[in-house]
Amino acid sequence: MDQNKAADGKDKKANCAELKKKYEACFREWYADQFLRGNRAPACLNEWEDYKDCMTESLKAKQLGHLLDEDRK
């Protein structure tokens with residue numbers, strides 16, 4: 001495998017992992033501080049979209065984008 005491609009893959013994986021951590025931290029805070037107290041308003045939507053987009057791009061780069069399409073049927 002080309003070293004640049006390998007490094008790119010690791011960078012994307014690290015970036016997605018960081019976005020996942022941000023989303024999970026936001027979700028935990030919202031769940032404990034708002035949801036459990038009756039506030040059902042959606043939160044963390046930006047964090048979720050960033051993480052989802054990163055994972056979608058990562059799957060497509062690995063030629064696995066069809067798995068996303070199958071899930072939506």
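The model shown is a predicted one, in which local features need pLDDT of at least 70 and side-chain atom pairs count only at pLDDT 80 or more, while totals for chains, interfaces and linings use all residues. Residues are numbered from 1 along each chain as its sequence is written, and side-chain values use heavy atoms, with hydrogens and water left out. The phi angle of Gln 63 is near 65°, which is a positive value in a residue other than glycine. Gln 63 counts as exposed, at 65% relative accessibility, where exposed means over 50% relative accessible area, buried means under 20%, and partly exposed lies in between (1.4 Å probe, protein chains only).

**The chain as a whole**
Of its 73 residues, 16% count as buried. The accessible surface of the chain comes to about 6100 Å², and carbon and sulfur atoms account for 50% of this area; accessible areas come from the Shrake-Rupley method with a 1.4 Å probe, and for residues only the protein chains shown count as cover.

**The disulfide between Cys 16 and Cys 54**
A disulfide is a covalent bond between the sulfur atoms of two cysteines, and here the term is given to a pair of cysteine sulfur atoms within 2.5 Å. A search of the whole structure finds two such bonds, and one of them joins Cys 16 to Cys 54, with an S to S distance of 1.9 Å. Because Cys 16 lies in helix H1 (residues 3-33) and Cys 54 in helix H2 (residues 45-61), the pair ties together parts that are 38 residues apart in sequence. The torsion about this S-S bond of Cys 16 and Cys 54 is about -95°, so the disulfide is left-handed. Cys 16 is buried, with a relative accessible area of 4%, and Cys 54 is also buried, with a value of 12%.

**The disulfide between Cys 26 and Cys 44**
The sulfur atoms of Cys 26 and Cys 44 are 2.0 Å apart and form a disulfide. Cys 26 belongs to helix H1, whereas Cys 44 sits in the loop between H1 and H2, so this pair ties together parts that are 18 residues apart in sequence. The S-S torsion of Cys 26 and Cys 44 is about -95°, and the disulfide is therefore left-handed. Both of these cysteines are buried, and Cys 44 has a relative accessibility of 7%. The backbone of Cys 44 has a phi near 65°, a positive value in a residue other than glycine. When the bonded cysteines are counted along the chain, the disulfides follow the pattern 1-4, 2-3.

**A nonpolar patch with Phe 27, Tyr 31 and Leu 36**
On the surface, Phe 27, Tyr 31 and Leu 36 form a nonpolar patch with about 290 Å² of accessible area together. Patches are made of residues with over 30% relative accessible area and no salt bridge, where like charges are joined within 9 Å and nonpolar side chains (Val, Leu, Ile, Met, Phe, Trp, Tyr) within 5 Å; a salt bridge is a side-chain nitrogen of Lys or Arg within 4 Å of a carboxyl oxygen of Asp or Glu. Phe 27 is found in helix H1 and is partly exposed, with a relative accessible area of 34%.

Key. Helix = DSSP H or I, 4+ residues; strand = E, 2+ residues; numbered from the N terminus.
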